[in-house]
Each structure stands twice: as C-alpha cells, then as structure tokens.
Amino acid sequence: MSKIVSIKTYDFRFPTSATLSGSDAMNPDPDYSSAYVEVKTDADDGITGVGFVFTIGRGNDVVCAAIDSMAHNLLGQNTEDLLDNMRRAWDLLVGDSQLRWLGPEKGVSHMAIGALLSALWDIKAKRAGKPLWRLLADMEPEELVATLDFRYLSDALRPEEAIEFLTDGQRGKEERIDNLLRNGYPGYSTAAGWLGYSDEKMVSLCKEETQEKGFKLIKLKVGRNVEDDRARPPESGHGGGVYAARSSVADACFSKVSGAW
C-alpha cells in the first residue's frame, strides 16, 4: 500500500509572442505555456505521475493556483484505491464543496482537475508498463466505462449503451493496434501557418515541414480578414499568403482553422 505524499506545480512559459508563433485571429500575441504538475507517492517504485494543461501565458497564474487549491483532496489518499477506481479520484476533485462554486466541470477548475487526473493516469500507465493509449485500449469496456461520470450525459448516453458501443468496437481492435504499431498515426504540422507570419516565412516553413520533415498535412490559421482567407493569387492583393503556401507544396493537404468567434 502506498499514499500520495507530494503534489507540486510548475509554471512553464515560452515567449512565443516575440516571434508571433502560435498567433491566430483571436490570440494575436500568445506565450505558449503549461501548468505542469507532478504527483509523487511513497511507493518503492519511485514513479512520478505527470500531468499538464495548456495556456497561452498569464492563464498559468490562475490554473497553477487552482491545482494547488485542489491538491489537498489527493494528498494522503491510498494510491492503489484511486488507481483501481479512477471515478473516485474524479469525485474527490469535483466534489470539493468550496471549489464547486467555480465549476467544476468547466473553465479553470476543469483544467486543474484534468491536470491532476492526467498525473494519476500517468502513474497507472507507468505501473502497468504501458503507454497510456495502450493501457486504455487494453481495458475491458465495463472497466473503462466505470471510470466515467455520466451525471450530465445519461439523457443522451447511458452507461450500458456506452458499454455496448465499446463492446462492438472490440471487433478488429487487434488489427487496428497492429497497424498503429507498424505504421504509426498520421500527424499534421502547425509550425508553418501562424497568422502573424509573413508570406515569405509561411512558404519557407511549409517547404521545410513537408520536404524535410515529411508532413503531408499543414494547418493554416485564418479569420483575421475574410479576404485574406480566400485562396487568391498574390497579384490580386488579397490572400497571397494562403495561395503562396498552397502553391509552394502542391502535394500537401491544408486545413484552415481557428478563425474569429
């Protein structure tokens, strides 16, 4: 038997606003950041659970404080009891009577809970000697559904229905896992398409991401100006960046996302 003995938060920030990396129509000057938490137990295995949530700068002030405010709910708890019943871990965090007023299933509270739960799942996966995706894939449908809170879902999806869906999904699972292990999972690059980049930088990075790094999918940010979002040639005076990016790597697919809302 072991207990949770330490929960420590870290505030990581990167000055991405200096280069406009990460910029989009609603967030023109983000500093990509992470509210990062480590959960330690007194077990002899020395395993530390890690969780984090993403912010774009000063949001870290608020999320780190929220994680610290919730930590007392887990400190001193029996680790094995929580790992064997992850729904109980969720209930401990969302059931904090004073912090419930701020959420808990939305906003900053939800983000802080997510970081702490991720750290517990990290411990569970490390103890099993598996990456987290494989741990989840190997769980029985009933076991996986038991980790979830259906309080606000049951009108649309009941636990027994979720079990049925997951049971149906077992067919072909091993083949899909084998394909994933052999071929990997396709990813896309966001590095080239930040809204604050010049056309020249966007084109250069599109070529680098596709020709040197092998990406076949590129995400471009849009939404600041509808004319700029249209794929018109540069000489028209509108949308040169999007058109130029598409023209520079004809064999790549582009996704234009994250406009104003």
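**Sheet, helices and aromatic rings in a predicted model**

Of the 261 residues in the chain, 38% are buried. The model is a predicted one. Its secondary structure consists of 11 helices and 6 strands. The accessible surface amounts to about 14700 Å², and carbon and sulfur atoms account for 54% of that area. Among contacts between residues at least 6 apart in sequence, 65% join residues that are at least 24 apart.

Three strands form an open sheet in the order β1-β2-β3, with antiparallel pairing. Strands β1 and β3 (48-55) are at the edges and have a single partner strand each, so one side of each has no neighbour in the sheet. From one strand to the next, the twist averages 15°. The antiparallel pairing of β1 with β2 extends over 9 bridges, and Arg 13 is found opposite Ser 33 in β2.

Helix α4, residues 107-128, lies across β1, β2 and β3 and runs at about 145° to β3.

The aromatic rings come next. A pair of aromatic rings is described by the distance of the centres and the angle of the planes. In the whole structure, a search finds 6 aromatic pairs. One of them joins Tyr 10 and Phe 12, whose rings are 6.0 Å apart centre to centre with 10° between the planes. This pair counts as stacked because the angle is under 30 degrees. Tyr 10 has a relative accessible area of 25% and is partly exposed. Phe 12 is also partly exposed, with a relative accessible area of 35%.

Phe 12 has a further ring partner, Tyr 36: the centres are 5.3 Å apart and the planes stand at 65°, so this pair is edge-to-face. Phe 12 belongs to strand β1 (residues 4-13) and Tyr 36 to strand β2 (residues 33-41), so the pair ties together parts 24 residues apart in sequence. Tyr 10, Phe 12, Tyr 36 and Phe 52 make up one aromatic cluster.

Another ring contact involves a charge. The charged end of Lys 201 sits over the ring of Tyr 197, at 4.2 Å from the ring centre.

Terms used. Residues are numbered from 1 along each chain as its sequence is written. This is a predicted model: local features need pLDDT of at least 70, side-chain atom pairs count only at pLDDT 80 or more; totals for chains, interfaces and linings use all residues. Side-chain values use heavy atoms; hydrogens and water are left out. Rings of Phe, Tyr and Trp (its six-membered ring) pair if their centres lie within 6.5 Å; planes under 30 degrees apart count as stacked, over 60 as edge-to-face and the rest as tilted. Buried means under 20% relative accessible area, exposed over 50%, partly exposed in between (1.4 Å probe, protein chains only). Helices (H or I, at least four residues) and strands (E, at least two) are DSSP runs, numbered from the N terminus. A charge sits over a ring if NZ of Lys or CZ of Arg is within 6 Å of the ring centre and within 35 degrees of the ring normal. Contact means heavy atoms within 4.5 Å. Accessible areas come from the Shrake-Rupley method with a 1.4 Å probe; for residues, only the protein chains shown count as cover. Two strands pair if DSSP finds at least two bridges between them. Axes are lines fitted to C-alpha atoms, for helices over the stretch in contact, and angles run from 0 to 180 degrees between N-to-C directions.
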